[in-house]
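Thanks for coming. I will talk through one structure today, starting with charged side chains and then moving on to the overall fold, the cores and the aromatic rings.

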Amino acid sequence: MSQMSRAEKETPLIIAQTGMLNGQRWNIQESLVIGREEGCDVVVPDRQVSRNHARLTRLEEGVLLEDLGSKNGTFRNGERMGDPCFLQDGDFFTIALVQAFVFLSSDATMPLEGGLPSVMENSRRLKVDVRSRRVWVREEEIIPPLSAPQFKLLQLLYEQPGKVISRQNLVNAVWGEEESVGVSEQAVDALVRRLRDRLSAMDATHDYIITLRGHGLRLDNPE
């Protein structure tokens, strides 16, 4: 009994983040086909979605996401997919820019069905759910979700509120230490500007990301 329960908890799953399926979840036992056709495992009834749009396949190496030749594409972490790829824990993918999903490698730490993320209980203006990569500003969710680099930058600042994070630490967190050598100042500035623009679009009354020249960035996240 305990072995079965443990295996069930380790089942990978996807959770619909936005769109008409928001909040619904599906375990990936073997494979899931996502599309407009009623016979699909996950039905997204929108004309922009192809009849058989994308497929998730559970293999020994992990969960493989592939676009099934759809017209409007499948996007992983904000980038349109070409070849099939293995998903990483916390990746988000979007079907034809209509329906977004987040992938979790295990549902062992997920809340009970119907529960809102615990981050919604805090009283801060900006709230981040790291597991699902969802962000709220003044109780309104940022839709479409932040890109993967934008979210990594915000997550680092969010997890160390009020602390000044050096630019080099920011670069390492977003691009990785091996890739950070070739990252230009312009690329960092552009990323920070895009993130600021996304936050400002939700709340233009407050500057959440503060620059301290010669030192780095910090998050100002008041109650």
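Let me begin with a group of three charged residues: Arg 125, Arg 138 and Asp 203 are linked in a network of salt bridges. Before going further, please keep in mind that this is a predicted model.

Asp 203 and Arg 125 meet through their side chains in a salt bridge, at 3.3 Å from N to O. Asp 203 sits in the loop between α4 (185-202) and β15 (209-212), while Arg 125 sits in the loop between β11 (99-104) and β12 (126-129), so this pair ties together parts that are 78 residues apart in sequence. Are these two residues buried or partly exposed? Asp 203 has a relative accessible area of 4%, and buried means under 20%, so Asp 203 is buried. Arg 125 comes to 21% relative accessibility and therefore counts as partly exposed.

How many salt bridges does the structure hold? The count is nine. In general, side chains of opposite charge can pair when their charged atoms come close.

A second example is Arg 76, which forms a salt bridge with Asp 91, where the closest N and O atoms are 2.9 Å apart. Arg 76 belongs to strand β7 (residues 74-76), and Asp 91 to the loop between β9 (85-86) and β10 (92-95), so the pair ties together parts 15 residues apart in sequence. Arg 76 is partly exposed, at 24% relative accessibility. Asp 91, at 3%, counts as buried.

Now the overall picture. The protein has four helices and 16 strands. It has 223 residues, and buried residues make up 43% of them. Among the contacts with a separation of 6 or more, 45% come from residues 24 or more positions apart. The accessible surface is about 12500 Å², and 46% of that belongs to carbon and sulfur atoms.

On to the cores. The largest nonpolar core has 25 residues, and the members that touch the most other members are Leu 126, Val 135, Leu 153, Leu 154, Leu 157 and Leu 199. Which elements give two or more residues to this core? They are β12, β13 (134-137), α2 (148-158), α3 (167-175), α4 and β16 (216-219). The largest share is that of α2, with six residues.

Val 135 is worth a look on screen. Setting aside residues up to four places away in sequence, Val 135 touches Leu 126, Lys 127, Val 128, Glu 140, Glu 141, Ile 142, Leu 146, Phe 151 and Leu 154. Two of the names in that list have come up already as core members, Leu 126 and Leu 154.

Next, the aromatic rings. A pair of aromatic rings is described by the distance of the centres and the angle of the planes. The count here is two aromatic pairs. In one, the rings of Trp 26 and Phe 101 have centres 5.9 Å apart and planes at 65 degrees; edge-to-face requires over 60 degrees, so the pair is edge-to-face. This pair links distant parts of the chain, with Trp 26 in strand β2 (residues 25-27) and Phe 101 in strand β11, 75 residues apart. Trp 26 is buried, at a relative accessible area of 16%. For Phe 101 the value is 0%, so Phe 101 is buried too.

The other pair is Phe 93 with Phe 101, and this one is stacked: 5.3 Å centre to centre, with 20 degrees between the planes. Phe 93 and Phe 101 are both buried. Taken together, Trp 26, Phe 93 and Phe 101 form one aromatic cluster.

Thr 94 counts as buried, at 11% relative accessibility. Apart from neighbours within four places in sequence, Thr 94 is in contact with Gly 73, Thr 74, Phe 75, Gln 99 and Ala 100.

That is the end of my part.

Conventions: Residues numbered from 1 in each chain as written. Predicted model: local features only at pLDDT ≥ 70, side-chain atom pairs only at ≥ 80, totals over all residues. Heavy atoms only, no water. Salt bridge = Lys/Arg side-chain N within 4 Å of Asp/Glu carboxyl O. Buried < 20%, exposed > 50% of the residue type's maximum accessible area, 1.4 Å probe, protein only. Contact = heavy atoms within 4.5 Å. Areas by Shrake-Rupley, 256 points an atom, 1.4 Å probe, with all protein chains shown as cover. Core = buried A, V, L, I, M, F, W, Y, C linked by side-chain atoms within 4.5 Å. Phe/Tyr/Trp six-rings, centres within 6.5 Å; stacked < 30°, edge-to-face > 60°.
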